[in-house]
Amino acid sequence: MSAPRTLPWPLVALFTAGYLAPYLLPTTVGRLDSGLPLTATQAGAIGSALLLSSAAAGFLLASRVERIGARTLARAGLALAFLGYGGAALTGVVPAVVAGAVAGGFGSGTVTAVAASGIAAERDPHRVTTRGLLGVSGLAAALYLTIPHLGPGHGLPLAAIALTALAVWPLTGRLPRRTAPAARTAVGYGRLPHLRAGLLLAAAMPCWSLAQNALWGVSGRIGLAQARLGEVTVGAVFAVALGAGLLGVLGAGVLGSRLGRALPIGAGTALIAACVALSASARDLPAFAAGEISWNLLYPIVLSYVLGLAASLDPRGRWAVLVGSASSLGTAAGPLTGSVLAAGVGFPVTGDLLGAGLLVIAVPMTAVALRTAKRPLSVVELPVEAPAVPAQRAYDTASPSNSYASTSAR
């Protein structure tokens, strides 16, 4: 009888810390709008800048984690996240808030890149990714329930992200230092495998993430302004929705590879498109709650398969990090896109447009899943980003070609 494998908790913790910012995006953007002299569009732009900085870190570090060392990069990312978000939380000067958010976003992206690379190298990436999503979803749900009762101001969500980074720091001592050259050679330090499939998936992911996070970034305003709910009620809906996301993560783990990758990605994205349209058109609590809860139930399931698909393309995790960072680009553009569309055509039409976009982008993503299903792929799954989100694994728990963890995205 073989001994049970130990879960790499440092990677789970890094995943949670890296993806918390996209998950808290609605309350962060909403409080920037209400707590600072900013318009809704300007607040959305700050949220976009934060996530864009996170994506930039992923692109920059995708192939450098092993060379620099996971421990060194993780500590640098956590320190930057703590100082950036913490500084933004403590000041009311808008330029300083923007600078802190951008610095914190780069820290989050750095942490996510380390987590993604480490998870891709695990024997069972799906299992680790699932735990990471459970961690970030559970923490975000608790914060959505807590923050409205702690008072007004823009600083509380940012402070929560900063303190999470600080709490994760002690676990970095268990991460490896720089990988030995011989080990790097053994896994193949050459060019990226499955280039066409990886590029197509990387090109599709920004659109997939943008469509979802455009609405996620204005969901708080839909609940407050269109459905006429209070902040406590909206926070409770988000908490329940993220709780449903926990069930979705568990469901993805149970399903594993039974349905393949193409069906969960294609059909799941189509169902998400319907949820986006429902949430955007909500004018009362039942409709708003139904749209947000069903959406958040499906989102981590599909995301896990998408990220797992990316991770399965390269056991060194490079595609997982690159696809996760590409997803973060869409996540980054989401808040500003959602704000601009909502201001121009209203929430319901915004939802219809984003839902239609999701249906279109599901086609190439499903095609990649079908194509790669015909090849034996090495064990690979991993977390990347947001965001969606924010932010998240085509898992084949029974087979070596599985999932990824991210945020993106949320």
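How many helices and strands does the protein chain have? The protein chain has 16 helices and two strands, where helices (H or I, at least four residues) and strands (E, at least two) are DSSP runs numbered from the N terminus. The model is predicted, so local features need pLDDT of at least 70 and side-chain atom pairs count only at pLDDT 80 or more, while totals for chains, interfaces and linings use all residues. Residues are numbered from 1 along each chain as its sequence is written, and side-chain values use heavy atoms, with hydrogens and water left out.

**Figure 1. Overall burial and surface of the protein chain.** Of the 410 residues of the protein chain, 58% count as buried (buried means under 20% relative accessible area, exposed over 50%, partly exposed in between, with a 1.4 Å probe and protein chains only). The protein chain exposes about 14500 Å², and carbon and sulfur atoms supply 69% of that area. Accessible areas come from the Shrake-Rupley method with a 1.4 Å probe; for residues, only the protein chains shown count as cover.

**Figure 2. The aromatic pair of Trp-216 and Trp-295.** The structure holds six aromatic pairs. The ring centres of Trp-216 and Trp-295 are 6.0 Å apart and the planes stand at 90 degrees, so this pair is edge-to-face. Rings of Phe, Tyr and Trp (its six-membered ring) pair if their centres lie within 6.5 Å; planes under 30 degrees apart count as stacked, over 60 as edge-to-face and the rest as tilted. Because Trp-216 lies in helix H10 (residues 195-216) and Trp-295 in helix H14 (residues 285-311), the pair ties together parts that are 79 residues apart in sequence. Trp-216 is buried, with a relative accessible area of 0%, and Trp-295 is buried with a relative accessible area of 0%. Ring pairs link Trp-216 and Trp-295 with Tyr-144, Phe-238 and Phe-288 into a cluster.

**Figure 3. The largest nonpolar core and the surroundings of Leu-201.** A nonpolar core is a set of buried Ala, Val, Leu, Ile, Met, Phe, Trp, Tyr and Cys residues joined through side-chain atoms within 4.5 Å. The largest such core has 110 residues, and those with the most contacts inside it are Leu-14, Leu-201, Trp-208, Phe-288 and Met-365. H14 gives the most to this core, with 13 residues. Residues up to four places away in sequence not counted, Leu-201 touches Val-306, Leu-309, Ala-310, Val-323, Met-365 and Val-368 (contact means heavy atoms within 4.5 Å). Ala-367, in helix H16 (residues 347-373), is partly exposed, with a relative accessible area of 39%. Ala-367 and Leu-201 are 166 residues apart in sequence and 9.4 Å apart in space, C-alpha to C-alpha.

Figure 4. Ser-108 is placed in helix H6 (residues 94-120) and counts as buried at 3% relative accessibility. Leaving aside neighbours within four places in sequence, Ser-108 is in contact with Ala-17, Gly-18, Ala-21, Ser-54, Ala-81 and Tyr-85. Ala-113 is also found in helix H6 and is buried, with a relative accessible area of 3%. Ala-113 touches Leu-61, Val-65 and Val-321, not counting residues up to four places away in sequence. The C-alpha atoms of Ala-113 and Val-65 are 7.5 Å apart, although 48 residues separate the two in sequence.

**Figure 5. Helix H5 and the elements that cover its buried residues.** The 21 residues of helix H5 (residues 70-90) should span 30 Å at 1.5 Å a residue, and the end C-alpha atoms are 30 Å apart, which agrees. The expected span of a helix is 1.5 Å times one less than its number of residues. Buried residues of H5 include Arg-71, Gly-77, Ala-81 and Tyr-85. Their cover includes helix H1 (9-23), helix H3 (40-61), helix H4 (65-68), H6 and helix H8 (155-168). H1 is itself mostly covered, with 14 of its 15 residues buried.

**Figure 6. Arg-228 in a loop.** Arg-228 is placed in the loop between helix H11 (219-226) and helix H12 (231-255). Most residues other than glycine have a negative phi. Arg-228 has a positive phi of about 60 degrees although it is not a glycine. Arg-228 is exposed, with a relative accessible area of 71%.
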